[in-house]
Amino acid sequence: MRPEDFFRPDILAASAYHVPDATGFIKLDAMENPYDWPPEMVEAWLDHLRRAHPNRYPDPQAPALKQALRRHAQVPEGMEILLGNGSDEIIQILLMALVGRNHATVLAPQPTFVMYQEIARWLNLDFVGVPLQADFGLDRAAMLEAIARHRPEIIFLAYPNNPTGNLFDAALMEEIIRRTPGLVVVDEAYAPFAQATFMDRLETFDNLLVMRTLSKLGLAGLRLGFLTGRPEWLRHFDKLRLPYNINILTQLSAEFALDHAEVFERQTAAIRAERDRLFQALSLLPGVQAFPSAANFILLQVPGAGKVFEALKRRGILVKNLSPAGGPLSDCLRVTVGTPEENQAFLDALRTVLLRQIPADGSERA
Ligand SMILES: *Cc1c(COP(=O)(O)O)cnc(C)c1O
């Protein structure tokens, strides 16, 4: 059998998830925390790793790490935790549970985090995308209508949403949770920047699950996400998890990091302050529309975004070009909040690029 006969046509036709080479760039494209650890903390971490036994399999349940996460995320008493190799893997576990059901359906507003649809597609599940309103809020009528019509098994609500950055209306989310026959997964990847959560509503709704990750907090390289919810749900999802999905270095490093929570609190507070400064500065640029964000990135709409993206790249600054997605993301870029110096370099470059776009006689702008 040739590969052409082996793979489904949609897999053959697809292009791989593309991560651009960022060597030498100011990297503002992937919602990473830009801050390194203080040198003493790095030394203490390396010391902590001495207790690892790489010859042994890791503890499949990682009880110490779960305990640390429970405290860190204030997971309500009685709720269970499931660990994933990033929350991407948790999305995969959740959707894998639906494979083999007749017309299992996954629903999410759009635009949103692309992995919900990507993974649903590889698993041959039906995906329903419900357009957000022009202000990127949930469209109540359209959501409720789609829920009644498609009766989705799982709804994903990213809170705040990626790539738009806004928090959906919480009362409307509660209405959606009440009105859907299936599960609602509230994806709180940006919790460290949002100061809003559905964690405390787990006790109220028996079809709610809350997903978190340590990636955006500042541990993207460790690959650790987690799902919280009722044991009666998580017990079964846990069977679909590969037993040793969280390696020993990640377990030890995450425990260590959560023991130094104050370092991450300082860093995320600095990022939140910079986000607000960056938003103000972007709002003052003529022709640029910046959308308010509760995350560590800002979505902006700027005429000729594709060209602006390339011009920024030539100046050594890498952001995310969302324009190819089209629709409401036409002419949109997404910039991750970096250090004050990185943000300033981005703003200066953007200002220069926008000025160059003015015709030679300068007629477009006074
Ligand atoms: C970044 C992101 C994730 C993925 O996080 P990992 O834990 O790094 O896999 C999940 N959901 C949303 C909305 C994100 O933006």
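This is a predicted model: local features need pLDDT of at least 70, side-chain atom pairs count only at pLDDT 80 or more; totals for chains, interfaces and linings use all residues.
Phenylalanine 7 is partly exposed, with a relative accessible area of 38%; on this scale buried means under 20%, exposed over 50%, and partly exposed in between, using a 1.4 Å probe and protein chains only. Residues are numbered from 1 along each chain as its sequence is written, and side-chain values use heavy atoms, with hydrogens and water left out.

Let's stay with the rings. The structure holds ten aromatic pairs. Here rings of Phe, Tyr and Trp (its six-membered ring) pair if their centres lie within 6.5 Å, and planes under 30 degrees apart count as stacked, over 60 as edge-to-face and the rest as tilted. Phenylalanine 6 and phenylalanine 7 make an edge-to-face pair, 4.8 Å centre to centre with 75° between the planes. Tryptophan 37 and tryptophan 45 are also edge-to-face, at 5.1 Å and 70°. Of these two, tryptophan 37 is buried at 16%, and tryptophan 45 is partly exposed at 23%. Both belong to one aromatic cluster, together with Phe256 and Phe264.

Back to phenylalanine 6 for a moment. You'll find this residue in helix α1, residues 3–6; helices (H or I, at least four residues) and strands (E, at least two) are DSSP runs, numbered from the N terminus.

Arginine 201 has its charged end over the ring of phenylalanine 198, 4.0 Å from the centre, and arginine 334 lies over the face of phenylalanine 297 at 5.9 Å from the ring centre. The test is NZ of Lys or CZ of Arg within 6 Å of the ring centre and within 35 degrees of the ring normal.

So, how many salt bridges does the structure hold? There are 19, each one a side-chain nitrogen of Lys or Arg within 4 Å of a carboxyl oxygen of Asp or Glu. Arginine 2 pairs with aspartate 5, the closest N and O atoms being 3.0 Å apart; arginine 2 is partly exposed at 49%, and aspartate 5 is partly exposed at 42%. Arginine 149 bridges to glutamate 145, with closest N and O atoms 3.0 Å apart. Those two lie in helix α7 (residues 140–150), four residues apart, about one turn of the helix. In helix α8 (residues 170–179), arginine 179 and glutamate 175 are separated by about one helical turn, because they are four residues apart. Their closest N and O atoms are 3.2 Å apart, and glutamate 175 is buried at 16%. Lys27, Asp29 and Glu32 are linked in a salt-bridge network.

One last stop: serine 323. This serine is in the loop between β12 (320–321) and β13 (332–336) and counts as buried, at 18%. Its side chain reaches the backbone nitrogen of aspartate 331 at 2.7 Å.

Key:
A polar contact is a pair of N or O atoms within 3.5 Å; within protein, one must be able to donate a hydrogen and the other to accept it, and residues adjacent in sequence count only if both atoms are side-chain atoms.
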